[in-house]
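Subject: A structure for you to look through

Dear colleague,

I am handing over the structure that we talked about, and I would be glad if you kept it open while you read. My notes on what was found in it come after it.

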Amino acid sequence: MINGRITKEIRNKIMNTSRPSTVGKIKIGELVERKRSDGSKYTMPISNDYFICKSENLTYVEMYNDLIGKTSNLTITFESDKLNECCFERIVYRDGSGKNIAYGDGEIFNVWSKLEKKYIQTNISAIDLKKQLNLDGKVEFTLIFKIMELQGFFGLWEFNSRGVQTSIKNITDVFDKMVLFAFDNDIEFTKIPFHLSVKKHTSNNLSNSSYPVVSLVPLFVPETNNNFKLANNKPLELSK
């Protein structure tokens with residue numbers, strides 16, 4: 001007799017539903033409208049010290065604004081401890097219109113082929129690819145996560161950054177250390193809550209300009225005998 005349900009393993013293979021879809025982006029920058037002295041309008045990018053939500057589905061934006069609003073701290077968890085799935089860097093080469101011509105890790109790149117109309121993977125250094133494309137590559141970072149303040153919502157959110165010396169290093173260092181820590185202590189990484197936080201910093205030069213830095217902080221501290229507690233002293237339930 002044929003079963004009434006497709007097994008999870010087969011469903012994941014044929015429908016690619018092994019994880020929730022990404023439904024929106026969490027940003028710290030936005031375009032705002034300004035007026036010139038002659039009354040004409042223009043838009044300019046600004047950076048914030050709080051997170052904002054962007055999504056093609058306005059229902060998600062309204063839900064985020066109603067339940068969270070403007071905040072500098074989000075409590076998040078990850079669906080996986082695999083870097084390529086939720087916390088990854090890429091060197092990206094874009095043309096003048098912003099189209100992604102090539103992306104990779106510095107040694108292996110997916111390069112767009114006009115002839116085959118698809119990305120072709122090739123082993124090439126970032127320096128050689130720069131010469132070949134006559135373009136400068138930039139490091140782009142992506143973080144994909146669940147927001148715990150949106151309990152019961154089946155969807156993932158994405159944060160992007162190009163802050164190589166600030167936000168990217170802050171986040172990847174903590175993520176990598178916590179993956180190893182969870183493995184060494186037999187902890188399920190996906191059960192560990194984190195704070196994703198943004199704070200404005202002032203530069204040390206004469207300009208006194210400010211810029212946002214995003215950081216990732218685990219919300220628990222280790223105790224003895226492989227016991228753990230949340231940073232706010234509430235117990236953390238970890239699945240073994």
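Lys27 is found in strand 1, which covers residues 22–35; helices (H or I, at least four residues) and strands (E, at least two) are DSSP runs, numbered from the N terminus. Before going further, please keep in mind that this is a predicted model, in which local features need pLDDT of at least 70 and side-chain atom pairs count only at pLDDT 80 or more, while totals for chains, interfaces and linings use all residues. Residues are numbered from 1 along each chain as its sequence is written, and side-chain values use heavy atoms, with hydrogens and water left out.

With a relative accessible area of 32%, Lys27 is partly exposed, where buried means under 20% relative accessible area, exposed means over 50%, and partly exposed lies in between (1.4 Å probe, protein chains only). Not counting residues up to four places away in sequence, Lys27 touches Tyr50, Phe51, Ile52 and Lys54, a contact being heavy atoms within 4.5 Å. The C-alpha atoms of Lys27 and Glu158 are separated by 8.6 Å, although these residues are 131 residues apart along the chain.

**Salt bridges**

A search of the whole structure finds 8 salt bridges, each defined as a side-chain nitrogen of Lys or Arg within 4 Å of a carboxyl oxygen of Asp or Glu. One of them joins the side chains of Lys25 and Glu158 at 3.7 Å, N to O, and this pair links distant parts of the chain, since Lys25 is in strand 1 and Glu158 in strand 9 (residues 156–161), 133 residues apart. Lys25 counts as partly exposed at 34% relative accessibility, whereas Glu158 is buried, with a relative accessible area of 16%. Another salt bridge, between the side chains of Glu33 and Lys41, has an N to O distance of 3.6 Å, and both Glu33 and Lys41 are exposed.

Because Glu140 lies in strand 8 and Arg94 in strand 4 (residues 87–94), the pair ties together parts that are 46 residues apart in sequence. Glu140 is buried, with a relative accessible area of 15%, but Arg94 is partly exposed at 29%. Salt bridges that share partners join Arg94, Glu140 and Arg162 into one network. The side chains of Glu140 and Arg162 are also joined by a polar contact of 3.2 Å, which is a pair of N or O atoms within 3.5 Å (within protein, one must be able to donate a hydrogen and the other to accept it, and residues adjacent in sequence count only if both atoms are side-chain atoms).

**Nonpolar cores**

Which residues touch the most other members of the largest nonpolar core? Of its 39 residues, they are Phe78, Leu143 and Phe145, and the largest share of this core, 6 residues, comes from helix 5 (residues 164–184). A nonpolar core is a set of buried Ala, Val, Leu, Ile, Met, Phe, Trp, Tyr and Cys residues joined through side-chain atoms within 4.5 Å. Not counting residues up to four places away in sequence, the residues that Phe78 touches include Cys86, Leu143, Phe145 and Phe175. Apart from this core lies another, of 6 residues, among them Ala102, Phe109, Ile124 and Leu129.

**Aromatic pairs and a helix end**

The structure holds 11 aromatic pairs; rings of Phe, Tyr and Trp (its six-membered ring) pair if their centres lie within 6.5 Å, and planes under 30 degrees apart count as stacked, over 60 as edge-to-face and the rest as tilted. Tyr60 and Phe153 form an edge-to-face pair, 5.2 Å centre to centre with 70° between the planes. Since Tyr60 lies in helix 2 and Phe153 in the loop between strand 8 and strand 9, the pair ties together parts that are 93 residues apart in sequence. Tyr60, Tyr64, Phe153 and Trp157 form one aromatic cluster.

Finally, Asn57 caps the N-terminal end of helix 2 (residues 58–67), with a side-chain oxygen 2.9 Å from the backbone nitrogen of Thr59. Helix 2 is followed by Gly69, whose phi is positive, near 70°.

With best wishes
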